[in-house]
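I opened this one to look at folds, sheets and ring pairs. My notes follow in the order in which I looked things up.

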Amino acid sequence: MVQDRTLPVFQAAAAQVSQDEGLRLYEDMVLGRYFEDKCAEMYYRGKMFGFVHLYNGQEAVSTGVIKAMRPDDYVCSTYRDHVHALSAGVPARNVMAELFGKETGISKGRGGSMHMFSKEHNLLGGFAFIGEGIPVALGAAFQSRYRRDALGDASADQVTAAFFGDGTTNNGQFFECLNMAALWKLPILFVVENNKWAIGMAHERATSQPEIYRKASVFGMPGYEVDGMDVLAVRDVAQAAVARARAGEGPTLIECLTYRFRGHSLADPDELRSQAEKEAWQARDPLSRFEAYLLEQNLADEAALKAVRDKITALVEESVEFAESSPEPDPSELRRYIFAEG
Amino acid sequence: MAETLLFNALRAATDEEMARDETVLVIGEDVGHYGGSYKVTKDLCKKYGDLRVLDTPIAENSFMGMAVGAAMTGLRPIVEGMNMGFLLLAFNQIANNAGMLRYTSGGNYEIPMVIRGPGGVGRQLGAEHSQRLEAYFQAVPGLKIVACSTPYNAKGLLKSAIRDRNPVLFFEHVLLYNLKEDLPDDEYLLPLDKAEVVRPGKDVTILTYSRMRHHVVQASKALEQKGFDPEIIDLISLKPIDYQTIGESIRKTHKVIIVEECMRTGGIAAEIIASINDRFFDELDAPVLRMSSQDIPTPYNGRLESLTIVQPKQIEEAVEKMMALRI
């Protein structure tokens with residue numbers, strides 16, 4: 001019943017990525033993977049609680065898009081936000097501390113897994129309700145356009161990327177925001193992480209037109225379908241979309257065909273997805289594919305790749321130590337941050 | 001400014017703040033070219049352009065969220081709800097994001113925005129255009145809520161709301177836009193968290209807000225004729241409630257009547273009475289009397305409609321009974 005779409009073919013050899021850049025992309029994906037694996041371990045050890053949604057398998061999307069952006073660009077995510085936060089530059093220790101509910105967490109322990117925010121890194125959240133971050137992202141993009149065109153600030157060319165899933169694309173806010181983004185030519189990327197499942201709801205069972213990228217043309221917006229397990233393919237499309245947005249040419253919809261290797265959350269028994277489906281997608285693991293690419297293109301050798309993995313292993317361990325040894329928020333500050341004072 | 005209609009007082013406040021601070025903008029349906037359905041933004045788009053007075057498509061939840069995102073990234077949006085009732089569609093963004101996002105982000109972001117527009121029971125506008133949302137939003141942490149009631153307080157409060165670093169729900173009333181009052185020429189701001197003593201008195205404390213203030217004042221004219229001396233307090237701030245002013249009054253009169261236009265169930269008065277219990281129980285000679293709208297959808301028929309809200313005559317009778325301690 002669940003038909004797999006033909007993945008678009010991307011000529012990776014034509015990607016022109018340098019050794020430095022290649023290793024940078026690889027490191028970001030390894031960080032995303034190892035961090036999430038550590039989260040699973042910590043959750044089962046009772047160090048973090050509640051709803052935790054892991055990103056394993058989707059690393060090419062976060063790395064491909066966010067590493068094609070500048071630090072002063074904006075990133076807006078969903079409840080599956082740990083890896084977006086990491087790609088956006090939030091230190092692993094502060095993401096882990098947030099998951100442990102500590103005062104040193106990026107949201108001061110007030111947000112948790114689903115609410116990663118960082119003003120310093122222009123990370124706009126972390127949202128529990130699907131779709132509710134898209135308008136917020138639209139607002140950041142609107143702000144860029146406003147500064148540039150209403151206030152005459154030529155340096156206001158920041159771009160915003162909004163990440164959300166296949167399930168969200170049936171929600172009103174998705175369509176309303178596509179309309180406004182196109183209408184006002186806002187500098188925004190709508191990045192759909194189509195991992196085929198919204199908890200236990202298969203995309204094709206919820207969606208009359210499952211090819212999400214086709215919905216962009218209705219709004220006069222370019223829409224692309226890309227192999228979401230190929231970091232260079234994602235990066236290529238993202239770079240073009242970012243350039244368009246920065247040049248004032250408006251929004252782009254990017255549908256990344258990807259897959260989550262774990263359940264919807266750590267509470268999901270993940271019984272509906274077939275073993276065959278999981279295996280087929282695991283065979284396309286973005287990390288293994290990119291390793292193979294780097295080796296084939298002589299951009300790295302096994303030693304260099306291992307060095308990256310060892311570095312990240314140590315980094316993730318350190319983030320756990322930091323989180324463990326960090327203080328809890330002070331109960332006397334229960335009511336702090338409700339309002340901005342002054 | 002001389003004699004000014006309330007909607008023009010709001011317009012002047014908006015214009016002054018937009019001139020003063022280039023990050024202030026207006027977002028809403030028909031606020032630009034149409035000038036606002038109650039003329040609050042008339043011609044402002046000619047002065048400030050289509051980006052600073054932004055006409056939106058009909059998508060309340062999304063443009064509300066867009067305003068949140070714009071506020072998080074440094075702008076100061078004023079969102080107009082064409083009718084505040086329409087903001088039921090924006091409840092997700094107002095509650096989850098405008099109200100709670102600062103806290104959930106551990107103080108990373110502030111959300112300086114104003115959400116304003118007309119609410120209240122009008123003249124036969126039907127149930128959906130006669131809504132009062134203040135009670136629904138009062139439980140959302142992180143929101144400030146004010147209700148203006150005169151041209152003077154409308155202007156001063158809106159300016160303060162625009163300058164506040166937090167989300168402010170600013171309730172206007174459909175039937176008060178044509179009130180006229182002399183306004184000062186000089187700039188003035190009013191605090192968002194202070195109630196207004198409309199008429200000092202010693203007999204009974206009457207707490208009210210928005211259009212009901214005018215019903216209470218009308219009732220007080222008749223009451224004065226009969227020798228009564230009510231103290232009328234316009235709450236102005238519905239969240240937080242100014243218990244300091246209320247307390248001073250209760251310590252004087254020891255009797256309280258609350259006259260509100262929201263529904264009786266779970267209304268503003270329900271909250272205030274519980275708090276008066278907590279804080280001032282020993283000062284009371286009698287239970288607090290609550291006069292609210294009926295818990296029904298507002299009917300179209302004019303006579304039925306007038307039965308759903310509190311009328312001046314009822315307020316008069318309530319004061320007489322309260323003074324005789326026959327409540």
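Helices (H or I, at least four residues) and strands (E, at least two) are DSSP runs, numbered from the N terminus.

Housekeeping next. This is a predicted model, in which local features need pLDDT of at least 70 and side-chain atom pairs count only at pLDDT 80 or more, while totals for chains, interfaces and linings use all residues. Residues are numbered from 1 along each chain as its sequence is written, chains are lettered from A and ligands numbered from 1 in the order in which they are written, and side-chain values use heavy atoms, with hydrogens and water left out.

**Entry 1: a strand in chain B**

I started at strand β6 of chain B, residues 144–147. B:Lys144 and B:Val146 point one way, B:Ile145 and B:Ala147 point the other way, and all are buried.

For pairing I need at least two DSSP bridges between two strands. β6(B) runs parallel to strand β7 (residues 168–173) of chain B, and four bridges join them. I found B:Val168 of β7(B) opposite B:Lys144.

**Entry 2: the open sheet in chain B**

I then traced an open sheet of five strands with mixed pairing, in the order β9-β11-β10-β13-β14 (chain B). β9 (196–199) and β14 (289–293) of chain B have a single partner strand each, so one side of each is left without a neighbour in the sheet. From one strand to the next the twist averages 25°. For angles, axes are lines fitted to C-alpha atoms (for helices over the stretch in contact), and values run from 0 to 180 degrees between N-to-C directions.

Inside this sheet I checked β10 (residues 204–208) and β13 (residues 256–263) of chain B, which run parallel and are joined by four bridges. B:Ile258 in β13(B) stands opposite B:Leu207.

Which helix lies across β9, β10, β11 and β13 of chain B? I noted α8 (residues 211–225) of chain B, running at about 170° to β11(B), residues 230–234.

**Entry 3: chain A overall**

I counted 11 helices and seven strands in chain A. With 342 residues, a compact globule would have a radius of gyration near 20 Å, and chain A agrees at 19 Å. That radius is taken over C-alpha atoms, and the globule rule is 2.2 Å times the number of residues to the power 0.38. The C-alpha atoms fill a box of roughly 55 × 50 × 40 Å along the principal axes, and 58% of the 342 residues count as buried.

Contact means heavy atoms within 4.5 Å. Among chain A contacts between residues at least 6 apart in sequence, 76% join residues at least 24 apart.

**Entry 4: the parallel sheet in chain A**

Here I found five strands in an open sheet, order β1-β2-β3-β7-β6 (chain A), with parallel pairing. The edge strands are β1 (74–76) and β6 (223–227) of chain A, each pairing on one side only. The twist averages 20° from one strand to the next.

β2 (residues 160–165) and β3 (residues 188–194) of chain A pair in the parallel sense over six bridges. A:Phe164 stands opposite A:Val192 in β3(A). Helix α5 (residues 133–149) of chain A packs on the sheet and touches β1, β2 and β3 of chain A, its direction making about 165° with that of β1(A).

**Entry 5: rings**

Rings of Phe, Tyr and Trp (its six-membered ring) pair if their centres lie within 6.5 Å; planes under 30 degrees apart count as stacked, over 60 as edge-to-face and the rest as tilted. My search of the whole structure gave 12 aromatic pairs over all chains. A:Tyr43 and A:Tyr44 make an edge-to-face pair, 5.8 Å centre to centre with 85° between the planes. Buried or exposed? A:Tyr43 counts as buried at 18% relative accessibility, whereas A:Tyr44 counts as exposed at 58%.

A:Phe142 and A:Trp184 are edge-to-face too, because their centres are 6.2 Å apart and their planes at 65°. A:Phe142 lies in α5 and A:Trp184 in the loop between α6 (172–183) and β3 of chain A, so the pair ties together parts 42 residues apart in sequence. A:Phe142 is buried at 1%, and A:Trp184 is buried at 10%.

Last, I noted one aromatic cluster formed by A:Phe117, A:Phe127 and B:Tyr109.

Methods
Buried means under 20% relative accessible area, exposed over 50%, partly exposed in between (1.4 Å probe, protein chains only).
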